[in-house]
Amino acid sequence: MVIVHGAGSCKENHADFARLAAATGWAALTFDLPGHGDAERPMSGAAVDDVIAMVRLLGSQDGVDVARVAVRGSSLGGFLAICAAAVSPKVAGVIAICPASEGHLASGLRRGRFEMRVGDALGLEAWLMAQDIGAAVERIAPRPLVLMHAEGDTQVPSDHSEELFERAREPRKLIIAPGGAHTTVQHDPELQGTALRWLERELATRKSSRW
(Lines give C-alpha, C1' and ligand atoms only; values in the text may rest on other atoms or scores of the structure.)
Protein backbone atom coordinates (compact mmCIF):
# COMPACT_ATOMS: atom_id res chain seq x y z
CA MET A 1 0.00 0.00 0.00
CA VAL A 2 1.43 3.35 -1.09
CA ILE A 3 0.13 6.08 1.22
CA VAL A 4 -0.27 9.61 -0.16
CA HIS A 5 -0.85 12.55 2.20
CA GLY A 6 -2.82 15.71 1.51
CA ALA A 7 -1.85 19.32 0.81
CA GLY A 8 0.18 20.87 3.62
CA SER A 9 0.69 17.50 5.29
CA CYS A 10 3.58 15.02 5.36
CA LYS A 11 4.27 11.29 5.49
CA GLU A 12 4.48 11.17 9.30
CA ASN A 13 0.86 12.29 9.63
CA HIS A 14 -0.32 8.97 8.17
CA ALA A 15 1.89 6.65 10.19
CA ASP A 16 -1.21 5.36 12.01
CA PHE A 17 -2.63 3.94 8.79
CA ALA A 18 0.77 2.56 7.78
CA ARG A 19 1.03 0.71 11.11
CA LEU A 20 -2.48 -0.70 10.75
CA ALA A 21 -1.79 -1.83 7.18
CA ALA A 22 1.48 -3.48 8.23
CA ALA A 23 -0.22 -5.20 11.17
CA THR A 24 -2.78 -6.77 8.82
CA GLY A 25 -0.25 -8.15 6.35
CA TRP A 26 0.27 -5.26 3.93
CA ALA A 27 3.64 -3.76 3.07
CA ALA A 28 3.17 -0.01 3.60
CA LEU A 29 5.16 2.87 2.10
CA THR A 30 4.69 6.52 3.03
CA PHE A 31 6.54 9.37 1.34
CA ASP A 32 6.55 13.16 1.11
CA LEU A 33 4.99 14.70 -1.97
CA PRO A 34 7.01 17.41 -3.74
CA GLY A 35 6.79 20.67 -1.81
CA HIS A 36 6.16 18.88 1.49
CA GLY A 37 8.18 17.50 4.38
CA ASP A 38 11.65 16.35 3.38
CA ALA A 39 11.03 16.48 -0.38
CA GLU A 40 13.45 18.80 -2.18
CA ARG A 41 11.46 19.57 -5.34
CA PRO A 42 8.54 22.05 -5.32
CA MET A 43 5.01 20.84 -5.85
CA SER A 44 3.96 20.37 -9.48
CA GLY A 45 1.85 18.17 -11.73
CA ALA A 46 4.74 15.69 -11.73
CA ALA A 47 3.40 14.50 -8.36
CA VAL A 48 1.29 11.94 -10.24
CA ASP A 49 4.49 10.46 -11.66
CA ASP A 50 5.93 10.37 -8.13
CA VAL A 51 2.97 8.30 -6.93
CA ILE A 52 3.47 5.84 -9.79
CA ALA A 53 7.20 5.72 -9.06
CA MET A 54 6.44 4.78 -5.44
CA VAL A 55 4.12 2.02 -6.66
CA ARG A 56 6.96 0.65 -8.79
CA LEU A 57 9.41 0.95 -5.89
CA LEU A 58 7.16 -0.91 -3.47
CA GLY A 59 6.41 -3.58 -6.07
CA SER A 60 10.13 -4.20 -6.52
CA GLN A 61 10.65 -5.16 -2.87
CA ASP A 62 11.13 -8.77 -1.80
CA GLY A 63 7.91 -10.35 -0.59
CA VAL A 64 5.64 -7.81 -2.30
CA ASP A 65 3.22 -9.00 -4.98
CA VAL A 66 3.76 -6.47 -7.77
CA ALA A 67 0.23 -7.17 -9.08
CA ARG A 68 -1.37 -6.13 -5.77
CA VAL A 69 0.16 -2.73 -4.99
CA ALA A 70 -2.65 -0.29 -4.18
CA VAL A 71 -2.66 3.42 -3.38
CA ARG A 72 -4.41 5.12 -0.47
CA GLY A 73 -4.65 8.90 -0.55
CA SER A 74 -6.50 11.62 1.33
CA SER A 75 -7.71 14.98 -0.02
CA LEU A 76 -4.96 16.01 -2.49
CA GLY A 77 -3.60 12.49 -2.00
CA GLY A 78 -6.96 11.02 -2.97
CA PHE A 79 -7.00 13.16 -6.10
CA LEU A 80 -3.49 12.00 -7.01
CA ALA A 81 -4.29 8.36 -6.24
CA ILE A 82 -7.22 8.43 -8.66
CA CYS A 83 -5.21 10.27 -11.32
CA ALA A 84 -2.33 7.80 -10.98
CA ALA A 85 -4.63 4.78 -11.27
CA ALA A 86 -6.26 6.29 -14.36
CA VAL A 87 -2.96 6.39 -16.25
CA SER A 88 -1.02 3.46 -14.78
CA PRO A 89 -2.18 -0.18 -14.71
CA LYS A 90 0.48 -0.80 -12.07
CA VAL A 91 -1.93 0.65 -9.49
CA ALA A 92 -3.95 -2.41 -8.43
CA GLY A 93 -6.60 -0.55 -6.45
CA VAL A 94 -7.43 2.76 -4.77
CA ILE A 95 -8.65 3.96 -1.41
CA ALA A 96 -9.56 7.64 -1.83
CA ILE A 97 -10.47 9.52 1.35
CA CYS A 98 -12.30 12.86 0.96
CA PRO A 99 -10.69 13.24 -2.48
CA ALA A 100 -10.47 16.84 -3.61
CA SER A 101 -11.47 17.88 -7.12
CA GLU A 102 -9.29 19.87 -9.48
CA GLY A 103 -11.50 22.88 -8.71
CA HIS A 104 -11.11 22.53 -4.93
CA LEU A 105 -7.34 22.28 -5.27
CA ALA A 106 -6.97 25.14 -7.75
CA SER A 107 -9.10 27.40 -5.58
CA GLY A 108 -7.13 26.53 -2.44
CA LEU A 109 -3.85 27.16 -4.24
CA ARG A 110 -5.07 30.50 -5.55
CA ARG A 111 -6.14 31.61 -2.07
CA GLY A 112 -2.89 30.49 -0.45
CA ARG A 113 -4.64 27.97 1.80
CA PHE A 114 -2.02 25.23 1.42
CA GLU A 115 1.26 25.11 3.34
CA MET A 116 3.42 23.70 0.58
CA ARG A 117 6.37 24.85 -1.46
CA VAL A 118 5.36 25.71 -5.03
CA GLY A 119 7.79 26.86 -7.70
CA ASP A 120 5.33 27.90 -10.43
CA ALA A 121 1.93 28.56 -8.87
CA LEU A 122 0.31 29.58 -12.16
CA GLY A 123 1.68 26.49 -13.88
CA LEU A 124 0.42 24.22 -11.09
CA GLU A 125 -3.00 25.85 -11.19
CA ALA A 126 -3.17 25.41 -14.95
CA TRP A 127 -2.18 21.75 -14.61
CA LEU A 128 -4.84 21.17 -11.96
CA MET A 129 -7.58 22.73 -14.07
CA ALA A 130 -6.52 20.59 -17.03
CA GLN A 131 -7.31 17.44 -15.03
CA ASP A 132 -10.72 15.75 -14.84
CA ILE A 133 -11.00 13.54 -11.76
CA GLY A 134 -14.49 12.47 -12.81
CA ALA A 135 -13.22 11.10 -16.10
CA ALA A 136 -10.21 9.60 -14.29
CA VAL A 137 -12.38 7.63 -11.88
CA GLU A 138 -14.18 6.01 -14.82
CA ARG A 139 -10.88 4.52 -16.00
CA ILE A 140 -10.03 2.66 -12.79
CA ALA A 141 -12.34 -0.36 -13.31
CA PRO A 142 -12.01 -3.31 -13.28
CA ARG A 143 -9.60 -2.48 -10.45
CA PRO A 144 -11.29 -1.88 -7.07
CA LEU A 145 -12.05 1.60 -5.76
CA VAL A 146 -13.05 2.64 -2.23
CA LEU A 147 -14.35 6.18 -1.67
CA MET A 148 -14.59 7.39 1.93
CA HIS A 149 -15.86 10.73 3.19
CA ALA A 150 -17.15 12.44 6.33
CA GLU A 151 -20.61 13.91 5.91
CA GLY A 152 -19.57 16.95 7.95
CA ASP A 153 -16.58 17.80 5.74
CA THR A 154 -16.79 21.53 4.94
CA GLN A 155 -13.56 21.71 2.90
CA VAL A 156 -14.51 19.08 0.33
CA PRO A 157 -18.25 18.27 0.59
CA SER A 158 -19.15 14.58 0.71
CA ASP A 159 -21.35 15.11 -2.36
CA HIS A 160 -18.14 15.05 -4.37
CA SER A 161 -17.38 11.45 -3.38
CA GLU A 162 -20.98 10.49 -4.09
CA GLU A 163 -20.68 11.96 -7.58
CA LEU A 164 -17.42 10.09 -8.20
CA PHE A 165 -19.02 6.87 -6.97
CA GLU A 166 -21.83 7.29 -9.50
CA ARG A 167 -19.31 7.69 -12.31
CA ALA A 168 -17.11 4.78 -11.19
CA ARG A 169 -17.75 1.23 -12.32
CA GLU A 170 -17.65 -1.98 -10.30
CA PRO A 171 -15.96 -3.06 -8.14
CA ARG A 172 -16.55 0.02 -6.02
CA LYS A 173 -17.48 0.88 -2.45
CA LEU A 174 -18.69 4.15 -0.91
CA ILE A 175 -18.50 4.91 2.81
CA ILE A 176 -20.05 8.16 4.06
CA ALA A 177 -19.44 8.58 7.80
CA PRO A 178 -21.96 10.73 9.71
CA GLY A 179 -20.69 14.00 11.15
CA GLY A 180 -16.98 14.51 11.33
CA ALA A 181 -14.70 16.88 9.44
CA HIS A 182 -12.17 16.84 6.61
CA THR A 183 -9.59 14.75 8.47
CA THR A 184 -11.94 12.53 10.49
CA VAL A 185 -12.05 9.49 8.21
CA GLN A 186 -8.29 9.60 7.60
CA HIS A 187 -7.59 8.53 11.17
CA ASP A 188 -10.58 6.35 12.08
CA PRO A 189 -9.16 2.85 12.73
CA GLU A 190 -12.52 1.11 12.25
CA LEU A 191 -13.10 2.70 8.85
CA GLN A 192 -9.47 2.12 7.88
CA GLY A 193 -9.87 -1.57 8.69
CA THR A 194 -13.14 -1.78 6.76
CA ALA A 195 -11.51 -0.32 3.63
CA LEU A 196 -8.47 -2.60 3.87
CA ARG A 197 -10.57 -5.74 4.31
CA TRP A 198 -12.84 -4.89 1.37
CA LEU A 199 -9.89 -4.10 -0.86
CA GLU A 200 -8.12 -7.31 0.17
CA ARG A 201 -11.18 -9.38 -0.76
CA GLU A 202 -11.55 -7.65 -4.12
CA LEU A 203 -7.90 -8.08 -5.00
CA ALA A 204 -8.08 -11.77 -4.06
CA THR A 205 -11.17 -12.18 -6.27
CA ARG A 206 -9.46 -10.52 -9.21
CA LYS A 207 -6.38 -12.70 -8.82
CA SER A 208 -8.47 -15.88 -8.66
CA SER A 209 -10.51 -14.88 -11.72
CA ARG A 210 -7.32 -14.63 -13.81
CA TRP A 211 -6.28 -18.20 -13.03
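The second largest pocket is lined by M1, G25, W26, A27, L58, G63, V64, D65, R68, V69, E200 and L203. Here a pocket is an open set of points on a 1 Å grid over the protein atoms alone, with protein on both sides within 12 Å along at least five of seven lines, and a lining residue has an atom within 4 Å of a point. The model is predicted, so local features need pLDDT of at least 70 and side-chain atom pairs count only at pLDDT 80 or more, while totals for chains, interfaces and linings use all residues. Residues are numbered from 1 along each chain as its sequence is written, and side-chain values use heavy atoms, with hydrogens and water left out.

This second pocket holds about 190 Å³ of space, a volume being the space filled by probe spheres set on the grid points. Its lining divides into seven nonpolar, two polar and three charged residues; Asp, Glu, Lys and Arg count as charged, Ala, Val, Leu, Ile, Met, Phe, Trp, Tyr, Cys and Pro as nonpolar, and the others, Gly among them, as polar.

The largest pocket has a volume of about 380 Å³. Of the 20 residues that line it, A7, S75, F114, Q155 and H182 are the closest to its centre. By class, this lining has five nonpolar, 12 polar and three charged residues. Helix α4 (residues 102–110) gives the most to it, with three residues; helices (H or I, at least four residues) and strands (E, at least two) are DSSP runs, numbered from the N terminus.

Attention now turns to strand β4 (residues 94–97). V94 and A96 point one way from β4, I95 and I97 point the other way, and all are buried, that is, under 20% relative accessible area with a 1.4 Å probe and protein chains only. In a regular strand the side chains alternate between the two faces of the sheet. Strand β3 (residues 71–74) pairs with β4 in the parallel sense over four bridges, where pairing requires at least two DSSP bridges. I95 in β4 is the bridge partner of R72. β4 also pairs in the parallel sense with strand β5 (residues 145–150), over four bridges, and there A96 stands opposite L147.

Finally, the cysteines. With a disulfide defined as a pair of cysteine sulfur atoms within 2.5 Å, the count comes to zero. The sulfur of C10 is 16 Å from the closest cysteine sulfur, in C98, too far for a bond. For C98 the closest cysteine sulfur is in C83, 15 Å away, again too far. C10 counts as buried at 17% relative accessibility, and C98 is buried with a relative accessible area of 1%.

Conventions
1 Å grid on protein atoms, 1.4 Å probe; cavity = no way out; pocket = protein on both sides within 12 Å on 5 of 7 lines; lining within 4 Å. Buried < 20%, exposed > 50% of the residue type's maximum accessible area, 1.4 Å probe, protein only.
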